[in-house]
Amino acid sequence: MAVHTFLRAEESLLIIHMVSEHASPLAALGGADAGGQNVHVAALATALGRRGHEVTVYTRRDGALAGRIALGPGVTVEHVAVGPSRPIPKDELLPYMSDFAGHLGRRWRTDRPDIVHGHFWMSGLAALAATRDLALPVVQTFHALGVVKRRHQAVMDTSPPERVRLEAQIARQVDLVIATCTDEVRELCALGVRRESVTVVPCGADLARFRPDGRAAPRGDRMRILSVGRLVPRKGVDTVIEAMAGVPGAECVIAGGPAPGELELDPEVRRLRRLAEAHGVADRVVLLGRVEHDDVPALIRSAEVVVTVPWYEPFGIVPVEAMACGRPVVASAVGGHLDTIVDEVTGLHVPPRDPVVLARVLRRLLADGRRRTALGRAAAEDAHSRYSWDRIAARTEALYERMIAPAAPRPAAAKGEGHDRRTSRPAGSGIAAV
């Protein structure tokens, strides 16, 4: 463990360097690889900046943005020029991580942070390689685990084949894993990670904007069911559309995916529209395309209920945002939803990929205004008491301080792993020495 002395004074706050190789906090949301992680990194970094810390977020340059750009007070995004200067699917970025780690290592030798926080597994891989002889504490948030993705997507999983093995190594070699939900802790322990080296800090929501009072988006007379999120199969939007056949009279508004002017070109949009036609609900299903994040609170407030039924979900920020707006959430009983939504108290759980059960729950909820009001009120109270980004930042800050403290223990490498982070790199990682 790096030996640092932490003095609690205004002139001695933390220098925090985050690594988010594919999920830029400056990216427009709604694309295949732009979602909850982008929001998480941007909001956490900004909240830590408000607390007086100096935060730098390293992300790969994938377009017009370059160099160092201020995100907010105390927060800078640095674009790392590795690989082509264009968007690349995140599952194809592993070959560029050696150069990414090289950039980080050179920067940290001359601009040394107090702590490094990797976001996503490839960021953790690069962070470990870059710090191998720098004695810097490394904290890791995975945001999603390859073993879960492979379990649910099977042959559709486009992750590099070595992802699961490398994730397990990263989790055992960093100083602390910050999981976003308790289900993730269980998955990590099954990979051989020691329980005491994992702690849970959830994602948060912008509670100044996501609140029950405020403007609602225009709507017609039909009761509105809302789905917000990326248009990828694992998000379960097809389950919502199929369920609409059993919810007569209601409309389903789906926000997410490409920009509105590009909807006709998107294969997933075309698939979902064919599905709506096949189930006789095309006249009651509206695909809005990408909605600016600033417009999402009003859209949520326009709905009677928000539905999110992915096959699996590492955390799920949309349910928390909907709860904060005082809307009941119907969510699949998976991953982070098991933590954020208290079944029958702040929302309702349903099994994933089951449109029949989903339709029955929606019918009953739409027919019972008192129940919707009670669920929505409890949801708002819960969200505003537990999920502010300032609260999440304070908990994260406390963990950083613990990692920096001289007495903090370094996790032992697993037997046979052949790794000491101070002198080597994850075995078989393919990351060249920096």
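Q: Which elements do the buried residues of helix 3 pack against?

A: A quick word on the source: this is a predicted model, where local features need pLDDT of at least 70, side-chain atom pairs count only at pLDDT 80 or more, and totals for chains, interfaces and linings use all residues. Residues are numbered from 1 along each chain as its sequence is written, and side-chain values use heavy atoms, with hydrogens and water left out. Helices (H or I, at least four residues) and strands (E, at least two) are DSSP runs, numbered from the N terminus; contact means heavy atoms within 4.5 Å; and buried means under 20% relative accessible area, exposed over 50%, partly exposed in between (1.4 Å probe, protein chains only). With that in hand, the buried residues of helix 3 pack against strand 1 (15-19), helix 2 (97-110), strand 5 (115-119), strand 6 (138-141) and helix 5 (163-173).

Q: How many residues of helix 3 are buried?

A: For helix 3 (residues 121-130) the count is 10 of the 10, so this helix is largely enclosed by the rest of the structure. Among them are W121, M122 and L128.

Q: How do I describe the way two helices pack?

A: Two packed helices are described by the angle between their axes and the distance between the axes. The axes are lines fitted to C-alpha atoms, for helices over the stretch in contact, and angles run from 0 to 180 degrees between N-to-C directions. Here, the axes of helix 2 and helix 3 come within 8 Å and cross at roughly 50°. That makes helix 2 oblique to helix 3 (under 35 degrees counts as roughly parallel, over 145 as roughly antiparallel, 65 to 115 as roughly perpendicular and the rest as oblique). On the helix 2 side, M97, F100, A101, L104, G105 and W108 make the contact, and on the helix 3 side M122, A126, A127, A129 and A130 do.

Q: In what order do the 8 strands of the open sheet run?

A: Two strands pair if DSSP finds at least two bridges between them. The order is 3-4-2-1-5-6-7-8, with mixed pairing. Strand 3 (68-72) and strand 8 (198-200) stand at the edges with a single partner strand each, so one side of each has no neighbour in the sheet. From one strand to the next the twist averages 25°.

Q: Which residues stand opposite each other around strand 5?

A: Strand 5 pairs in the parallel sense with strand 1 over 4 bridges, and I16 stands opposite I115 there. Strand 5 also pairs with strand 6 in the parallel sense over 4 bridges, where H117 stands opposite V139. Helix 14 (residues 389-404) packs on this sheet, touching strands 1, 5, 6, 7 and 8, and its direction makes about 170° with that of strand 7.

Q: Are the faces of strand 5 covered or uncovered?

A: In a regular strand the side chains alternate between the two faces of the sheet. Strand 5 has both faces covered: I115, H117 and H119 are buried on one side, V116 and G118 on the other. With 5 of the 5 residues buried, strand 5 is largely enclosed by the rest of the structure.

Q: What does strand 11 look like?

A: Strand 11 has a covered face, V285, L287 and G289, and an uncovered one, V286 and L288. This strand belongs to an open sheet of 6 strands in the order 11-10-9-12-13-14, with parallel pairing. Strand 11 (285-289) and strand 14 (347-350) are at the edges, each with a single partner strand, so one side of each lacks a neighbour in the sheet. Strand 10 (residues 251-255) pairs with strand 11 over 4 bridges in the parallel sense, and V253 stands opposite V286.

Q: Where does F315 lie, and what does this residue touch?

A: F315 lies in the loop between strand 12 (305-308) and helix 10 (317-324), and is buried, with a relative accessible area of 3%. Not counting residues up to four places away in sequence, F315 touches T180, P202, C203, V320, G336, H337, T340 and Y387. F315 and H337 are 22 residues apart in sequence and 6.6 Å apart in space, C-alpha to C-alpha.

Q: How many helices and strands does the chain have?

A: The chain has 14 helices and 14 strands, and buried residues make up 57% of the 434 residues.
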